[in-house]
Amino acid sequence: MKAVEISEPGGPEVLQLVERPKPEPDEGELLIAVRAAGVNRPDCLQRMGAYPPPPGAPDIPGLEVAGEVEAVGSAVQGFEPGDRVCALVSGGGYAEYCTVHATNALPVPSGFSFSEAAAIPETYFTVWHNVFQRGGLKPGEVLLVHGGSSGIGTTAIQLAKAFGSKVIVTAGSEEKCEACRELGADLAINYRTDDFVKAVKEETDGEGAQVILDMVGGDYISRNYDAAAVEGRIVQIAFLRGRKAEADFSLLMMKRLVHTGSTLRARSVVFKSDIAAELRRKVWPLLAKRTVAPVMDTLFPLDRASAAHSRMEDGDHIGKIVLDVG
């Protein structure tokens, strides 16, 4: 099969299209003939040597795929060859074939193309776990999302609105802010020109946000403590501005804040299967009606994976970048 490998740690140019052996599914796995694969920032970190795959995962990048079931393991139930599926994988997505434990796969939502379906798993698993399970967002509460125009951000806006919450986002341009408003964000703040802490407090009559989803880190950590409501929950999922910061921890005590975080890739198959089951019950009906849907930025062929990574890293994209595998 054709696959994209990382020839050495470095820039997008180190992604090379090569021939690799076709994988074989274990007894609980599906073999997927990949038609499209999502591109995510962790893929870029892996390419740079900063995010190695967990033990047992393929060295080929790619954390989400969509395609047709090619073969099923002997213990698999509920899937048959020919089924249209999308899946969260621990690696191996940038290839013509990929294996995944059957419990981490879901049917392609009705009416969705493979490229749209490939844009679902990583962001929807991530948002569901961090905003709703870990952050405990409730109807009527305010969610603040940093990076509102990213794949994660556009997903968080739609899901939070669908479940009855108010959404405030930060983004880096008026174009991105407008895209967030069109998705339903109640307030979009251009962080290059406006103070998000002040804007959040004004929008909430001084109360602040009950849940904050942060992929920025750095100096945003202390500012999140200011922007959070009493009993607020701050969920950290990345550190685009750095892993270290100074913060006034008295606010953590005075406001009774919870600052938590998570990573998804290294979690167990069972853990991810629980998220998949909740998504199928609570979110798949919304996808089927297109109440929510992935926002698509750019589709690149597999042999232009390096261009897809460049697009990710230049920061101009809105929504999801996807590889067309064929």
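Which residues of helix 4 are buried? Select helix 4 and colour by accessibility: the buried ones are Gly151, Ile152, Gly153, Thr154, Thr155, Ala156, Ile157, Gln158, Leu159 and Ala160. Buried means under 20% relative accessible area, exposed over 50%, and partly exposed in between, with a 1.4 Å probe and protein chains only. Helices (H or I, at least four residues) and strands (E, at least two) are DSSP runs, numbered from the N terminus.

This is a predicted model, in which local features need pLDDT of at least 70 and side-chain atom pairs count only at pLDDT 80 or more, while totals for chains, interfaces and linings use all residues. Residues are numbered from 1 along each chain as its sequence is written, and side-chain values use heavy atoms, with hydrogens and water left out.

**Stop 1: helix 4**

Stay on residues 151-162. With 10 of its 12 residues buried, helix 4 is largely enclosed by the rest of the structure. Now show its surroundings. Its buried residues pack against helix 3 (121-134), strand 8 (142-146), strand 9 (166-171), helix 5 (174-183), strand 11 (209-214) and strand 15 (320-324). Contact here means heavy atoms within 4.5 Å.

Next, select the end C-alpha atoms of helix 4, which are 17 Å apart. The 12 residues should span 16 Å at 1.5 Å a residue, so the two values agree; the expected span is 1.5 Å times one less than the number of residues. Just after the helix, Gly164 has a positive phi of about 90°.

**Stop 2: Phe132 and Phe163**

Select these two side chains. Their ring centres are 5.5 Å apart and their planes stand at 65°, so the pair is edge-to-face. Rings of Phe, Tyr and Trp (its six-membered ring) pair if their centres lie within 6.5 Å; planes under 30 degrees apart count as stacked, over 60 as edge-to-face and the rest as tilted. Phe132 belongs to helix 3 and Phe163 to the loop between helix 4 and strand 9, so the pair ties together parts that are 31 residues apart in sequence. Phe132 counts as buried at 14% relative accessibility, whereas Phe163, at 27%, counts as partly exposed. The structure holds five aromatic pairs.

**Stop 3: helix 3 against helix 9**

Helix 3 is also largely enclosed by the rest of the structure, because 12 of its 14 residues are buried. Select helix 9 (residues 269-282) with it. The two helices pack at an angle of about 90°, with their axes 10 Å apart. That makes helix 3 roughly perpendicular to helix 9, a term for angles of 65 to 115 degrees; under 35 is roughly parallel, over 145 roughly antiparallel and the rest oblique. Axes are lines fitted to C-alpha atoms, for helices over the stretch in contact, and angles run from 0 to 180 degrees between N-to-C directions.

Gly136, which follows helix 3, has a positive phi near 65°.

**Stop 4: His309**

Go to helix 11 (residues 305-314) and select His309. Its relative accessible area is 0%, so His309 is buried. Leaving out residues up to four places away in sequence, His309 touches Pro12, Leu15, Val39, Asp43, Cys44, Arg47 and Tyr94.

**Stop 5: Arg256**

Finish in the loop between helix 8 (250-254) and strand 13 (258-261), where Arg256 is placed. Arg256 is not a glycine, yet has a positive phi of about 55°. Arg256 is partly exposed, with a relative accessible area of 46%.
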